[in-house]
Amino acid sequence: MRLFAAEMGEHRQELVRLDTAIGDADHGTNMDRGMRKALEKLDGAEQADAGAVLKTVAMALISSVGGAAGPLYGTLFLQMGGSLAGQAEVDLAGWAAAWRKGLEGVQARGKAQLEDKTMVDALTPAVEALEQASDLDEGLRAAAKAAHDGMQATIPLVARKGRASYLGERSKDHQDPGATSTYYLFQSAVDALAD
Amino acid sequence: MKKLINAPDAVVHDALRGVEAAHGDRVRVSYEPYLIVRNDAPVQGKVGLISGGGSGHEPMHGGFVGMGMLDAACPGEVFTSPTPDQMAEATKAVNGGAGVLHIVKNYTGDVMNFDMAADLGKAEGIEVESVVTNDDVAVEDSLYTAGRRGVGVTVLLEKICGGAAEDGRSLQEVAELARRVNANGRSMGMALTPCITPGSGEPSFELADDEVEIGIGIHGEPGRFREKAGTAAQVSERLMTPIVEDLPFSSGDRVLAFINGMGGTPLIELYIVYAEVAKLAADAGLTIERNLIGNYITSLEMQGCSITLLKLDDEMVRYWDAPVNTPGLRWGV
């Protein structure tokens, strides 16, 4: 989470730039603000387990981000937190199940399908890669790579959800900002495990 | 970029300080979370009306809080939907026992956050109804997009439904009226220049000196097409034709015509547009019974305008004319 927050701070302008092209120029600013708030909450109280950490982050995002990213990332972490409640040490199967729950939550909230040019395009292949892996380290690396590929695959797509959908054909040739921040989330998980 | 701000991250907070200092006689301001609430809320026995959305569209929505219109507004960051906890706080603050109506503009973030807020409100035992406005005819293909955006009709709906709530109508009646206003209103906007959010410091899109964007959204989302800038008469016709054809408005209809400035266009130009709209309406056999001209749903410093036509019935006219006392709209008091 700390690494993800750092990534959001570092890539704030890049996400704003991507969002300026096809959205409303606030994704980087909002995610940076939300993750700062999440870190404040994590620093403010002892967290019992992985589930509690995720729920704390979720509630911080829901109450501070707004836009579409707040409910979507908030729902992702809330569902993951529910799946991991009470687990201090989480293994590969536990993480895979949690990410699957998170993905389902995001799709229920945002109603997006694959190839709508959203974060779902990075999240879905990443979750599948994690489910097919045989150990956590390899699985997270494969997931980050799959998220990266999914993020790049959003470039030629026509957006069908979110603010970019108003552009129609003109949303082509732009990388989706939500898929980009999702890739950074998986990359942060890889880096966290390597530390 | 030059702006009259203290710091990009403090824009909403500092503007709320101004609202509190200027309009403390009618509204109270909360900073944790951000809320603008009618001074006398909750009004016992009256349906509570709340709305909210990203900031940068002033006077919408905070400027419409007061007697005869909204009970509370939830301002988000600039162009960013507010959060469910804000909306839930607002819902509690305005619930006078007759239920609360959420007025939501159709944007992905606003709809999702208000959905979560309605769940929170209901969990507290408060009766909540939601109405989503989606009057922007510039979005042609609603099946493959997030759907038509909520724009000018939102202001008219907040006034008319505010009048109905003040008149003691029930939550179901006010919600039904809100849906009828939305169903009978159509809008379309255009831009001469982009806007610049304080967070990015960059123009929201590029537009050549001699070009206009027809069908612009209130966050600088692109519209239907770009073309060489024409006269006010040509632009008015560009916007009016799809509006009239879409409902469709037909000869004999009574309408409210709303000419809205995007924030950077002088009133003198809005009146030129109104003259053209009045002529086009007359040509189509429409009777403009009421009008509203000015900057009410803006897009920061964008230059441009939007046109909204609302097909009126007697009930809508009655509640449009009812007294209102808000910082942004005030008559009959």
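Biologist: How many other C-beta atoms lie within 10 Å of A:Lys101, and is this residue buried, exposed or partly exposed?

Modeller: In this predicted model, A:Lys101 has 19 other C-beta atoms within 10 Å, and because a residue counts as buried at 20 or more, A:Lys101 is described as partly exposed.

Biologist: Where does A:Lys101 sit, and which residues does A:Lys101 touch?

Modeller: A:Lys101 has its place in helix H6 of chain A, and, leaving aside residues up to four places away in sequence, A:Lys101 touches A:Gln79, A:Met80, A:Gly82 and A:Ser83. The C-alpha atoms of A:Lys101 and A:Val127 are separated by 9.8 Å, although these two residues are 26 residues apart along the chain.

Biologist: How far apart are the end C-alpha atoms of helix H8 of chain A, and what covers its buried residues?

Modeller: The 18 residues of helix H8 (residues 136–153) of chain A should span 26 Å, and the end C-alpha atoms are 25 Å apart, which agrees. Among the buried residues of H8(A) are A:Gly139, A:Leu140, A:His148 and A:Met151, and what covers the buried residues includes helix H6 (92–110), helix H7 (120–132) and helix H9 (177–194) of chain A.

Biologist: What is the order of the strands in the open sheet of chain B, and which strands stand at the edges?

Modeller: This open sheet has 6 strands in the order S1-S2-S4-S3-S5-S6, with mixed pairing. Strand S1 (27–31) and strand S6 (128–133) of chain B stand at the edges, and because each has a single partner strand, one side of each is left without a neighbour in the sheet. From one strand to the next, the twist averages 20°.

Biologist: How many bridges join strand S3 to strand S4 of chain B, and which helices pack on the sheet?

Modeller: Strand S3 (residues 48–55) and strand S4 (residues 72–78) of chain B run parallel and are joined by 5 bridges; in one of these pairs, B:Gly52 has B:Cys74 in S4(B) as its bridge partner. Helix H1 (residues 11–23) of chain B packs on the sheet, touching S1, strand S2 (34–38), S3 and S4 of chain B, and its direction makes about 155° with that of S1(B). Helix H2 (residues 84–94) of chain B also packs on the sheet, where it touches S2, S3, S4, strand S5 (100–105) and S6 of chain B, and its direction makes about 20° with that of S2(B).

Biologist: How is the packing of two helices described, and what is the angle between helix H4 and helix H8 of chain B?

Modeller: Two packed helices are described by the angle between their axes and the distance between the axes. Helix H4 (residues 153–166) and helix H8 (residues 314–321) of chain B pack at about 85°, with their axes 8 Å apart, and H4(B) and H8(B) are therefore roughly perpendicular to each other. At this contact, B:Lys159, B:Ile160, B:Gly163 and B:Ala164 in H4(B) meet B:Met316, B:Tyr319 and B:Trp320 in H8(B), and the residues divide into 5 nonpolar, 1 polar and 1 charged.

Terms used:
Residues numbered from 1 in each chain as written. Chains lettered and ligands numbered in written order. Predicted model: local features only at pLDDT ≥ 70, side-chain atom pairs only at ≥ 80, totals over all residues. Helix = DSSP H or I, 4+ residues; strand = E, 2+ residues; numbered from the N terminus. Expected span 1.5 Å × (residues − 1). Buried ≥ 20, exposed ≤ 12 C-beta atoms within 10 Å, placed from the backbone. Contact = placed C-beta atoms within 7 Å. Pairing = 2+ DSSP bridges. Axes fitted to C-alpha atoms, helices over the stretch in contact; angles between N-to-C directions. Parallel < 35°, antiparallel > 145°, perpendicular 65-115°, else oblique. Nonpolar A, V, L, I, M, F, W, Y, C, P; charged D, E, K, R; others polar.
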